[in-house]
Amino acid sequence: MRYLAESFIVGALRRGRSVEQFLGPIGSSERRGVTYVEVRPTKAAYEVYVHAVEDVGHEAFWDLEEFPPFDVESEEETFGHLLAQADGPQAALVTAEAATRALRTRWVNEGVVQDEYRDFVRAGRPAVTAPDGQPWPSIR
């Protein structure tokens, strides 16, 4: 099972592990990119990051952390764009979902977002819906 139940999401965050969610494509056919959201625990808070990277992957290369930033002018993209901080895991999830339209039922453990991207590539990089038929969230 790829997607985490809510208790496992909160448990991972409390154990100091990030959770992520693939949000889909951005850009245009001339310049493709993809985005994903991450909730990362720190010693003082839970941070919500959005990552936007160039879509340079293929069937054998899907490590999103190795992709160049989508916004080449932004030095922030090396680590993602910090959207918000929250005091607890629940508040961080609510904040992430409100800001990015991420779904509570689609969070994955850190690193598994690469599998989501691989499925996206194998499905032909669908622009409107995810490979499972659900519409892509859109960042507000």
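The following legends describe close-up views of a predicted model.

**Figure 1. The five-stranded open sheet.** The strands of this sheet are arranged in the order β4-β3-β2-β1-β5, and their pairing is antiparallel. The edges are formed by β4 (81-86) and β5 (108-109), each of which pairs on one side only.

**Figure 2. The β1-β2 hairpin.** Strand β1 (residues 19-27) runs antiparallel to strand β2 (residues 32-41), and eight bridges join the two. Four residues lie between the strands of this hairpin. Two facing positions may be located along the pair: G24 is opposite T35 of β2, and V19 is opposite V39 of β2. In a regular strand, side chains alternate between the two faces of the sheet.

**Figure 3. The β2-β3 hairpin and the cover of β2.** Nine bridges connect β2 with β3 in the antiparallel sense, and the hairpin that joins these strands passes through four residues. E38 faces Y49 of β3. Strand β2 is mostly covered, with eight of its ten residues buried.

**Figure 4. The salt bridge between E38 and R40.** The side chains of E38 and R40 form a salt bridge with an N to O distance of 2.9 Å. The two partners fall into separate accessibility classes: E38 has 5% relative accessibility and therefore counts as buried, whereas R40, at 23%, counts as partly exposed. The cut-off that divides these classes is 20% relative accessible area. E38 is also the residue that stands opposite Y49 in β3.

**Figure 5. The contact between helices α1 and α2.** These helices pack with their axes 9 Å apart and at an angle of about 115°. Angles of 65 to 115 degrees count as roughly perpendicular, and α1 and α2 are therefore placed in that class. Their crossing is right-handed. On the α1 side, the contact is made by E6, I9, V10, L13 and R14, and on the α2 side by P89, Q90 and L93. An α-helix has 3.6 residues a turn, so residues three or four places apart point the same way.

Figure 6. The buried positions are V113, Q114, E116, Y117, R118, F120 and V121. Among the elements that cover them are β1, β2 and β5. After the helix comes G124, which has a positive phi near 90°.

**Figure 7. The salt bridge between R2 and D119.** The model contains twelve salt bridges, and one of them is formed by R2 and D119, with the closest N and O atoms 2.6 Å apart. This pair links distant parts of the chain, since R2 belongs to the segment before α1 and D119 to helix α3, and the two are 117 residues apart. R2 has 27% relative accessibility and counts as partly exposed. D119, at 24%, likewise counts as partly exposed.

Figure 8. Side chains of opposite charge can pair when their charged atoms come close. Here the side chains of R106 and E116 meet in a salt bridge with an N to O distance of 3.7 Å. R106 is located in the loop between α2 (89-100) and β5, while E116 is in helix α3, so this pair ties together parts that are ten residues apart in sequence. R106 counts as buried at 12% relative accessibility, and E116 counts as buried at 7%. Through shared partners, salt bridges join R2, R106, E116, D119 and D132 into one network.

Note on methods:
Residues are numbered from 1 along each chain as its sequence is written. This is a predicted model: local features need pLDDT of at least 70, side-chain atom pairs count only at pLDDT 80 or more; totals for chains, interfaces and linings use all residues. Side-chain values use heavy atoms; hydrogens and water are left out. Two strands pair if DSSP finds at least two bridges between them. A salt bridge is a side-chain nitrogen of Lys or Arg within 4 Å of a carboxyl oxygen of Asp or Glu. Buried means under 20% relative accessible area, exposed over 50%, partly exposed in between (1.4 Å probe, protein chains only). Contact means heavy atoms within 4.5 Å. Axes are lines fitted to C-alpha atoms, for helices over the stretch in contact, and angles run from 0 to 180 degrees between N-to-C directions. Angles under 35 degrees count as roughly parallel, over 145 as roughly antiparallel, 65 to 115 as roughly perpendicular and the rest as oblique. A crossing is left-handed if the near helix is turned anticlockwise from the far one by less than a right angle, and right-handed if clockwise.
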